[in-house]
Amino acid sequence: MSSLLFDPLGPLEVWRDGRCVDLGPPQRRLLLLRLLLAERRPVPFDRLHEDLWAGRPPPGAAASVHAHVSRLRAALEPAGSASRVLVRDRCGYALLADASAVTSARFETSVERTRRLLAAGRAGAARREIERAMRWWRGPALADAADAPFARAAAVRLDEARLAGHELRVAVLLADGDAAGAVTAARALIVAQPLRESAWLLLIRALYLSGRPAEALREYERIRAALAEELGTEPGPALRELHLAVLRHDTPAIGGVTAPHPRDVAGPVLVGRDDARAALDRVLVSAAGGRSSWAIVSGSAGAGKTALVERVAADASRDGWRVAFTRPVGAAGEGWRAGPLLDGPGSGDACGLLAERLGGRPTLWIVEDLQWADAAARALLAHVATGLRDVPLAVFCTVRDADRPPLAELTVLLARLGAARVTLGPLSARHVERLLRTRADRPPRHGTPPGVSLAATELHRRSGGNPFYLNELLTLPEARRWGPGAAVPPGALSVLRAELRALPAPAREILSVAAAQSGHSGRFDPGAVASAAGLPLDVVHARLGPALDAGLVHAPNGYRFAAGLIAEVLLGD
């Protein structure tokens, strides 16, 4: 059998017995990438047609795919032999390539080997290993599928792994005594990712260890100013601690900073949530003083409640807090009591058990999706809130709508006890502009209002300021985010279709008419909708009720869709 090597770390290359294979036209290369990403699983025929033609397969799609497969088989396998690499079954086509025959898998294995060598103190061997690993890269991952939705998640993951590999290389250079080389490599990382704190962490460390502490301090001031200007935030705990270590010339502490594992890299930048973050920080300060404190974090689906509390939790954990999560799944005994704070043996009732488990250590308890809490779970939380007061406990509850029955009784009780109310509304167009700038998109500023680009204005209109929809749009290639080539991101499409399916059929039908009436602005007149649908106005208002309750339509100052994407999905379907 021929020896094959598949290399997606740049424009796709395939090597057979040491020679580069001619893969043919772009569509054939796209087909091979689609099968490669399936990791030996068959890809159904209809899914191949959808993915290769971006949801609009031509009438001859099946014949075209079959012809491309035949040419690929001829290129990949010896003439006249039975197909053993690119196979077909009744489900679809599959590419039976082992992970060892794919350079992306080899790269990730090599990175993990580098980490083990570094942990074992074998800096020289780690340096040779990571240098070999980084040479696999020839350009952006999956470059032939840059505009293909099916490759987006894999490309993002691989590009993040590449950045983490570069950071690991800097750490290895430092461990091997090459501080000057580490400075150069860290600066190259910062050019590519100007606001990546982990890269600045490595640069400042490398500068100090190369005998340039004053320059290290100046670089800290640079990133501190950049974060304040671009994001309105301060450096994270790791950078602040490193800054203090440089000021104190605490070389052991500085030498202990290492490159982060990819799983430890901070998630997406949170914009427009500075006030909410400050309110949650105040709750933590109060709890750290020995007084239990609560916060209710509310907002529509996709508003970023979980992202916010998880970011606060990550920072609190680094500052020494114990963090526990509860995600209710039904009755209290099934989901609410199962967890590190309330599960297992203990003395007394829930308050006594919690006090025993806390042991005086500051603890953050995050209770997610409070809207699904049953009566027993609500009673448990009310009991803890009223009965456990003088302990270092902070409780964050996330919820879609805190004021609806049957939650209102609990939230009123928490408010009387001093709970902070944090409501996450839609992001503004200015927030979208700031997010674009943090991603280094920096579009030309020729839109309105002043200081907000046309790109930000359109992305705000399509997303309605909903962070989930916005982040989904930003996963698309720039040409597909807005304008004539605008597309609905697959993640947003599936979520919106699910929300629309949850509505009564009459509500969906009237929303479709409203979408046709709404135009670019997303606004619509119920009277015009009633006329177009041939229905009385009061019936139209009644049918719009479930959409208002679900947050798909807003009514103040006239009816409008909460996001332009909603109308687009209705019209597309």
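This is a predicted model: local features need pLDDT of at least 70, side-chain atom pairs count only at pLDDT 80 or more; totals for chains, interfaces and linings use all residues.
Biologist: How many bridges join E4 to E6?
Modeller: Two bridges join these antiparallel strands. Val43, for example, has Tyr93 in E6 as its bridge partner.

Biologist: What about H2, then: which of its residues are buried?
Modeller: Helix H2 (residues 45-52) has Leu48, His49, Asp51 and Leu52 buried.

Biologist: What do they pack against?
Modeller: The buried residues of H2 pack against helix H1 (26-37), helix H3 (61-76), strand E4 (43-44) and strand E6 (92-95). Just after H2, Ala54 adopts a positive phi of about 50°.

Biologist: Changing topic: how do the axes of H24 and H25 cross?
Modeller: The axes of H24 (residues 526-533) and H25 (residues 537-549) come within 9 Å and cross at roughly 110°. The two helices are therefore roughly perpendicular to each other, as angles from 65 to 115 degrees are classed that way.

Biologist: Which residues meet there?
Modeller: From H24, Pro526, Gly527, Val529 and Ala530 meet Leu537, Val540 and His541 of H25. By class, this contact has five nonpolar and two polar residues, with no charged ones.

Biologist: Is Val553 buried or exposed?
Modeller: Val553, in strand E13 (residues 553-554), is buried, at a relative accessible area of 1%.

Biologist: Which residues is Val553 in contact with, leaving aside neighbours within four places in sequence?
Modeller: Val553 is in contact with Leu511, Phe524, Ala547, Leu548, Tyr559, Arg560, Phe561 and Ala562. As for Ile566, which is 13 residues from Val553 along the chain, the C-alpha atoms of the two are separated by 9.0 Å.

Biologist: Now salt bridges. What is the count?
Modeller: The count comes to 27 salt bridges. In one of them, the side chains of Arg138 and Asp7 meet at 2.9 Å, N to O.

Biologist: Where do Arg138 and Asp7 lie?
Modeller: Arg138 is in the loop between H5 (123-134) and H6 (152-175), and Asp7 is in strand E1 (residues 4-7), so the pair ties together parts that are 131 residues apart in sequence. Arg138 is partly exposed, at 33% relative accessibility, whereas Asp7 is buried at 5%.

Biologist: What about Glu160 and Arg196?
Modeller: Their side chains meet in a salt bridge at 2.6 Å, N to O. Glu160 belongs to H6 and Arg196 to the loop between H7 (179-192) and H8 (197-209), so this pair ties together parts 36 residues apart in sequence. Glu160 is partly exposed at 24%, while Arg196 is buried at 10%.

Biologist: Where do Glu219 and Arg222 lie?
Modeller: Both are in helix H9 (residues 213-231), three residues apart, which is about one turn of the helix. Salt bridges that share partners join Glu219 and Arg222 with Arg187, Arg212 and Glu215 into one network. The closest N and O atoms of the Glu219 and Arg222 salt bridge are 2.8 Å apart. Glu219 is buried at 6% relative accessibility, and Arg222 is partly exposed at 48%.

Key:
Residues are numbered from 1 along each chain as its sequence is written. Side-chain values use heavy atoms; hydrogens and water are left out. Axes are lines fitted to C-alpha atoms, for helices over the stretch in contact, and angles run from 0 to 180 degrees between N-to-C directions. Helices (H or I, at least four residues) and strands (E, at least two) are DSSP runs, numbered from the N terminus. Angles under 35 degrees count as roughly parallel, over 145 as roughly antiparallel, 65 to 115 as roughly perpendicular and the rest as oblique. Contact means heavy atoms within 4.5 Å. Ala, Val, Leu, Ile, Met, Phe, Trp, Tyr, Cys and Pro count as nonpolar, Asp, Glu, Lys and Arg as charged, and the others, Gly among them, as polar. Buried means under 20% relative accessible area, exposed over 50%, partly exposed in between (1.4 Å probe, protein chains only). Two strands pair if DSSP finds at least two bridges between them. A salt bridge is a side-chain nitrogen of Lys or Arg within 4 Å of a carboxyl oxygen of Asp or Glu.
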